[in-house]
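I opened this entry to keep track of what I looked up, starting with charged side chains and ending with the overall fold.

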Amino acid sequence: MRHQLLALLARQPAYGYELKQGLEQTFGAAYPQPNIGQIYVTLSRLEKSGLIRGTEVTQEGRPDKKVYEITEKGTEELAGWFEAPTEGPRVRDEFFMKLILAEGTELADRLTLINNQRRHCINTMRGLNKLAATERGNRTSLLLIEGAVLHLQADLDWLERCQEELT
């Protein structure tokens, strides 16, 4: 979450609740709703690291709020994050570890494992398709959902391949 918050602060200074709203509005329901406590913990860590700077702002009739802005060090960190490639395929896939290590244990059948994982992927796709129907106006959210569905479809194709090779 640290880089997402830095990116929002690179746009403009904000306080914690505004950052929460910014994430929610940007990504819609497809993005797990951020916990405000997690946001403030992350902001505290970013501030201690010198990546952001907080300034207390007094408010009449309400508690003071802290407005955060990105520092030069934070801008450099964020630029590095944007430039770095994102991790690609999972070579240490937990499901595949289960599938391979199940053999000889007499605790799990490979075909059953594959079928359970296939059902899980299909149910997740159904849920994402329902979510997409509610997110029609949010192109960012729809792209996020589409990416997840495409990954699940690739997983289903790979499960078919695993079944052909291992059962």
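I count a salt bridge when a side-chain nitrogen of Lys or Arg lies within 4 Å of a carboxyl oxygen of Asp or Glu. The model is predicted.

**Entry 1: salt bridges.** By this rule I get 7 salt bridges. I looked at three of them in turn.

Arg161 and Glu165 form one, with N to O at 2.7 Å. I noted that the two residues are 4 apart in helix 7, so about one helical turn separates them. For Arg161 I have a relative accessible area of 45%, which is partly exposed. Glu165 has 52% and counts as exposed, because the cut-off for exposed is over 50%.

Glu77 pairs with Arg2, and their closest N and O atoms are 3.4 Å apart. This pair links distant parts of the chain: Glu77 sits in helix 4 (residues 72-83) and Arg2 in helix 1 (residues 2-11), 75 residues apart. Both ends are partly exposed, Glu77 at 30% relative accessibility and Arg2 at 32%.

Lys66 pairs with Glu47, with the closest N and O atoms 3.0 Å apart. Here the link runs from strand 2 (residues 62-70), which holds Lys66, to helix 3 (residues 36-48), which holds Glu47, and the two are 19 residues apart. I find Lys66 partly exposed at 26% and Glu47 partly exposed at 25%.

Entry 2: Is Glu135 buried or exposed? Glu135 is buried, yet it has no salt bridge. The nearest side chain of opposite charge is Arg136, 11 Å away. I placed Glu135 in the loop between helix 6 (110-134) and helix 7 (139-166). Leaving out neighbours within four places in sequence, I list Gly28, Ala29, Ser141, Leu142 and Ile145 as its contacts.

Glu106 lies in the loop between helix 5 (94-102) and helix 6. Glu106 is not a glycine, but its phi is positive, about 60°. I have Glu106 as exposed, with a relative accessible area of 80%.

**Entry 3: the whole chain.** I count 7 helices and 2 strands, in the order α-α-α-β-β-α-α-α-α from the N terminus. The radius of gyration is 21 Å, whereas a compact globule of 167 residues would have one near 15 Å. Along the principal axes, the C-alpha atoms fill a box of roughly 65 × 35 × 30 Å. Of the 167 residues, 28% count as buried. For the charges, I noted that the mean positions of the 21 positive and 24 negative ones are 4 Å apart.

Methods. Residues numbered from 1 in each chain as written. Predicted model: local features only at pLDDT ≥ 70, side-chain atom pairs only at ≥ 80, totals over all residues. Heavy atoms only, no water. Rg over C-alpha atoms; globule rule 2.2 N^0.38 Å. Buried < 20%, exposed > 50% of the residue type's maximum accessible area, 1.4 Å probe, protein only. Lys, Arg positive; Asp, Glu negative; His and termini not counted. Charge placed at Lys NZ, Arg CZ, Asp CG, Glu CD. Contact = heavy atoms within 4.5 Å.
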